[in-house]
Amino acid sequence: MSVQSEQRFGEFVVVRKVGHVAELVLDRPKAMNAVSSEMARSIGAACDALGADAAVRVTVLTSSNDRAFCVGADLKERNSFTDAELVRQRPTARGAYTGVLELPMPTVAAVHGFALGGGFELALACDVIVADATAVVGLPEVSVGVIPGGGGTQLLPRRVGAARAAELVFTARRVEAAEARELGLVDLLEDDARTAALELAGRIAENSPVGLRAAKRAMRLGQGLDLRAGLEVEDAAWRSVAFSGDRAEGVAAFNEKRKPQWPGE
C-alpha cells in the first residue's frame with residue numbers, strides 16, 4: 001500500500017501515514033538514532049500531532065538505521081553540558097519519552113538492532129514490542145553513572161516483574177533477541193521487525209478507533225490499582241464507548257454480516 005502522506009518533524013523524525021496506520025520513523029542514521037535535544041523535541045512534536053489526529057488508529061515506531069533502533073541519549077552532546085544546561089534539557093528529554101507513552105492509540109515498536117538505554121525506553125513506552133533476530137536490548141545507564149530516566153525504572157518492572165527488572169538494571173547488561181523474548185523484554189520475535197509490526201498494526205486498525213483508545217486508556221489507568229478500583233476504571237471506559245457511533249455501527253455490521261464502517265465517534 002502506498003504512503004498517503006509524509007511529514008518531517010525537524011531533521012531527525014518522519015511520520016508516514018498509510019490508511020489508519022502512522023509510522024513514526026527515528027531518522028538520525030549517522031548517529032544510530034542517539035537522542036539529541038533537537039531529536040527529543042522532534043519526537044515530542046510528532047507525538048503531539050499524532051495524538052491530535054483522530055484518523056490515526058495505530059502508531060508504529062521504527063528506525064531508518066540498519067544497525068540500531070535507537071542507542072539512547074546522545075552522550076556526546078550530554079558531555080558538553082554544564083550542570084545548569086543538563087537541568088534545563090531534562091524537560092525536553094522527558095517530553096520525547098512521555099510523548100510516546102501518552103499517545104492515545106495503540107502503539108507498536110519495531111526493534112531492529114540495538115535498543116539501548118533511552119532507545120529501549122522508547123520501545124517500552126509502546127504497547128507491543130516486535131523484534132527480529134538482530135535485536136539487542138538493555139538499560140545500561142548505571143554503567144555511566146546515571147539511572148534509566150526515560151521511564152525505564154517504572155516500565156520495565158511493570159513488564160517483567162521487580163526482581164527481573166532489578167537484575168537487568170543493576171547489571172546494565174545487554175540482552176540479545178532470543179533471551180529478550182524469553183524474559184518478556186520483547187513480545188514477538190519475527191524475521192523482519194518492521195514488516196511484522198506494520199502488519200500487526202494493520203490488523204489492529206481494522207477495529208473501532210473509539211474502542212481501541214478506550215481499551216488502551218482502561219488498561220493504562222487500571223495498571224497498579226487493586227481489582228475493585230481497576231474495574232471502576234474499566235466501567236468508566238465502557239460508558240465512554242457504550243453509546244458511541246462506533247458501537248452502534250459495530251453491532252449493526254455484525255448483525256448484517258458486513259465489514260463495519262467506523263465513524264470514529
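With a relative accessible area of 0%, N33 is buried; here buried means under 20% relative accessible area, exposed over 50% and partly exposed in between, with a 1.4 Å probe and protein chains only. The model is predicted, and local features need pLDDT of at least 70, side-chain atom pairs count only at pLDDT 80 or more, and totals for chains, interfaces and linings use all residues. Residues are numbered from 1 along each chain as its sequence is written, and side-chain values use heavy atoms, with hydrogens and water left out.

N33 sits in the loop between strand 3 (21-26) and helix 1 (37-51). Helices (H or I, at least four residues) and strands (E, at least two) are DSSP runs, numbered from the N terminus. The backbone at N33 deserves a look, as its phi is near 65°, a positive value in a residue other than glycine. Most residues other than glycine have a negative phi. A172 also has a positive phi, near 60°, and is not a glycine. This residue, A172, is placed in the loop between helix 6 (162-171) and strand 10 (175-176), and its relative accessible area of 13% makes A172 buried.

Charge pairs come next. A salt bridge is taken as a side-chain nitrogen of Lys or Arg within 4 Å of a carboxyl oxygen of Asp or Glu, and by this rule the count comes to 14 salt bridges. Side chains of opposite charge can pair when their charged atoms come close. One of the bridges joins K216 to D127, with the closest N and O atoms 3.0 Å apart. K216 belongs to helix 9 (residues 209-222) and D127 to the loop between helix 4 (118-124) and strand 8 (128-131), so this pair ties together parts that are 89 residues apart in sequence. K216 counts as buried because its relative accessibility is 6%, whereas D127 is partly exposed at 29%.

A salt bridge also connects D187 with R159, where the closest N and O atoms are 2.9 Å apart. Distant parts of the chain are linked by this pair: D187 is in the loop between helix 7 (177-183) and strand 11, while R159 is in helix 5 (residues 152-160), 28 residues apart. D187 is partly exposed at 26% relative accessibility, and R159 is partly exposed at 24%. The side chains of R258 and E256 form a salt bridge as well, at 2.6 Å from N to O. R258 is partly exposed, with a relative accessible area of 34%. Shared partners also join E6, R16, E23 and R194 into one network of salt bridges.

How many aromatic pairs does the structure hold? The structure holds one, formed by W238 and F243 in an edge-to-face arrangement, 6.4 Å centre to centre with 70° between the planes. For this assignment, rings of Phe, Tyr and Trp (its six-membered ring) pair if their centres lie within 6.5 Å; planes under 30 degrees apart count as stacked, over 60 as edge-to-face and the rest as tilted. W238 is partly exposed at 49% relative accessibility, and F243 is exposed at 70%.

V146 is found in the loop between strand 9 (136-138) and helix 5, and its relative accessible area of 45% makes V146 partly exposed.

V18 is part of strand 2 (residues 13-18) and is partly exposed at 24% relative accessibility. G224 and R158 are 66 residues apart in sequence and 8.6 Å apart in space, C-alpha to C-alpha. G224 falls in the loop between helix 9 and helix 10 (227-242), where G224 counts as exposed at 79% relative accessibility.
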